[in-house]
Amino acid sequence: MHTFTKQFKISVNDFPKGMADIDSHLTPLISKKTGIEEKHILSYKILGKSLDARKKSNLIFNFKIEIEVDPSININDLFLDDPAQQLSKKNKNHNLNSLNVKKDLPVNPVVIGTGPAGLMTAYLLAQYGLKPIIIDIGKPVDERKKDIKTFFTDRKANPKSNFAFGEGGAGTFSDGKLFTRTKDPKIKFILETFVKAGAPEEILYLKRPHIGSDILPEMVKNIRQEIEKLGGKFVWNSEVDSLIIENDSSLKNIALANGEKISAPVCFAAVGHSARKLIKNMIESGIEHSLKDFQIGCRIEHTQEFIDKKQYGITNLPKCLGAAEYNLVNKPKENISGATTFCMCPGGIIVPMVTEDGHLSTNGMSKYARNSGFANSAIIVNQKAQNFPDINEVFNFIEGIEKKVFNAGGGDYSFPAQKAYSFIRKETGNLDNQETSCNLGIVPARLDGILPDRTFTAISEALKYFEKVMPGFMKSGVLIGAETKISSPVRFIRNMDTFQSSVDNLYIVGEGAGYAGGIISAALDGLRSAEKYLSKVE
Ligand SMILES: Cc1cc2nc3c(=O)[nH]c(=O)nc-3n(C[C@H](O)[C@H](O)[C@H](O)COP(=O)(O)OP(=O)(O)OC[C@H]3O[C@@H](n4cnc5c(N)ncnc54)[C@H](O)[C@@H]3O)c2cc1C
């Protein structure tokens, strides 16, 4: 048997229009491209796949494929034009068994939060024989799902079980996009863990993979069950109020909101950036931190058909093409801030982020099939940390916007909305028969009056620019908002060698710590922190 790796460009038109799963049907095309008869191709494994949609008349998939052929084939003959392609480069891997672990670590480390950061932290600790205790304000995912369903019927906020809080954290009901700019071999380990827990195998090779909110809940449940099998214990419905620190530098106990105290020989706080009360209390207890830039903005919604037409040049998509995405950037100029699209959800819906009664902000999620018929994305603008004296002012600023959004929507968690062209003209305009993915509806309002002036100007300028690069983007777009839960305004100081915070045995990890933004980077930060804790310093 011979194995080699080769890159192929395959036109979308080479696949039957009704074929969705092209990845399992590549043998005839590999045969055609290499000249090897199908009967000699024993198997293949896709190592990479991306779509090149620059030429709308000819959409191309770029595949990187490892191919096994029978020994009768002289592969040297195949690659005279490009011998380098014969060599399969060994993928760097994160080896779980490679850690040189400290002896006599306390058996029950405490992890706060079951988002990607907390879950991966607990997973690694458990893999190394520790029995972590994992505390979460919310509920296991099946109960969390029911609470979200109830919210959509009774329109009453549930501050402890919602789109931000509960099993799996903020990523559970999301698009589950998994790309990150960070390069680290541990990402492969994370993706493999996700696949073992039920994520589609294609996330291992797609350039822009996503999982979808219909698969994510089962996936996080399976990871939790694996941690439980290894001896980890999950404590639900338990809001951590504060961390009790002795002599300014040593963690003593974890105080729950119900008055209980939990002793913690070591604690990983992975609470996300929506845990504002706890974050404030952590700062007040003297844990060293700095403010960092953060973003606010609003969502824009179009029909997916419009985005498909713009990005692919067609609307009646062959099944092998997923709903189209976009990523637009308007650079800052002179005195006007830049703005960028963020967390685009093809075929998704806009969801209400409600962690406090009377507060409202947007976010987006999609199912695996991305087939809602709508496309949404945030348009976000940077807010400089230097404009705020302390964390209280930052949170007051953000919460002020969330309250205005709630009130402008009529006080029942409907979203305020405005056509994008009305926004730039500072007019309410109308939303006559406007279709939307928002389950609780939209009402006409002045988003331009909710956002600060600089942010309004930045989004207006961006919309005008986006209209030039994607005609119709502003004209047919509806702004819904505002969006405030985008990134953490705080970074807890850590020792970059040990990842420990300014308090002994306290690791603050993931998005709430200010070291991650997104599912993969949060999971990676959890994994790295657990590794630092477990490993002997050589
Ligand atoms: C709707 C939505 C869609 C998103 N889509 C994507 C996407 O497609 N791709 C992507 O990369 N990112 C996406 N994100 C962002 C991503 O989900 C976050 O970056 C990621 O979840 C952060 O992980 P984390 O573990 O640091 O924090 P979180 O996921 O926020 O987890 C924090 C955990 O702490 C718990 N907690 C909070 N406060 C307390 C307390 N006081 N006591 C005890 N427990 C507490 C919470 O219940 C939660 O389980 C999305 C976010 C949302 C909200």
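Strands are DSSP runs of E, at least two residues long, numbered from the N terminus. By that rule, A482 lies in strand β20, residues 478–483. The model described here is predicted.

**Domain 2 against domain 3**

- Domain 2 gives 33 residues to the contact, and domain 3 gives 35 residues.
- Interface size is often expressed as the accessible area lost when the parts come together.
- Between domain 2 and domain 3, the buried area is about 2,900 Å². Carbon and sulfur atoms give 63% of that area.
- R155, R276 and L291 supply 25% of what domain 2 buries against domain 3.

- R208 forms a salt bridge with E325. The closest N and O atoms of R208 and E325 are 3.0 Å apart.
- Polar contacts join 15 residue pairs between domain 2 and domain 3, counting pairs with both residues at pLDDT 80 or more.

**Make-up of the domain 2 face**

- Two elements, α4 (141–154) and α7 (276–284), each give two or more residues to the side of domain 2 that touches domain 3.
- The largest share comes from α7, with 4 residues.
- By class, this side of domain 2 has 17 nonpolar, 8 polar and 8 charged residues.

**Ligand site**

- There are 37 residues around the ligand. Those that come nearest are D136, A170, E511, G518 and I519.
- D136 places a polar side-chain atom 2.6 Å from an oxygen atom of the ligand.
- T114 uses its backbone: an N or O atom there lies 3.3 Å from a ligand oxygen atom.
- V240 also uses its backbone, with a polar atom 2.9 Å from a nitrogen atom of the ligand.

**Backbone details to check**

- Most peptide bonds are trans, and most residues other than glycine have a negative phi.
- G481 and A482 are joined by a cis peptide bond, with omega about 5 degrees. A482 is part of strand β20.
- E334 has a positive phi of about 40 degrees, although it is not a glycine. E334 sits in the loop between β13 (329–330) and β14 (339–345).

Methods:
Residues numbered from 1 in each chain as written. Predicted model: local features only at pLDDT ≥ 70, side-chain atom pairs only at ≥ 80, totals over all residues. Heavy atoms only, no water. Contact = heavy atoms within 4.5 Å. Buried area = accessible area lost by both parts, 1.4 Å probe. Salt bridge = Lys/Arg side-chain N within 4 Å of Asp/Glu carboxyl O. Polar contact = N/O pair within 3.5 Å; in protein donor to acceptor, adjacent residues only side chain to side chain. Nonpolar A, V, L, I, M, F, W, Y, C, P; charged D, E, K, R; others polar. Near = heavy atom within 4 Å.
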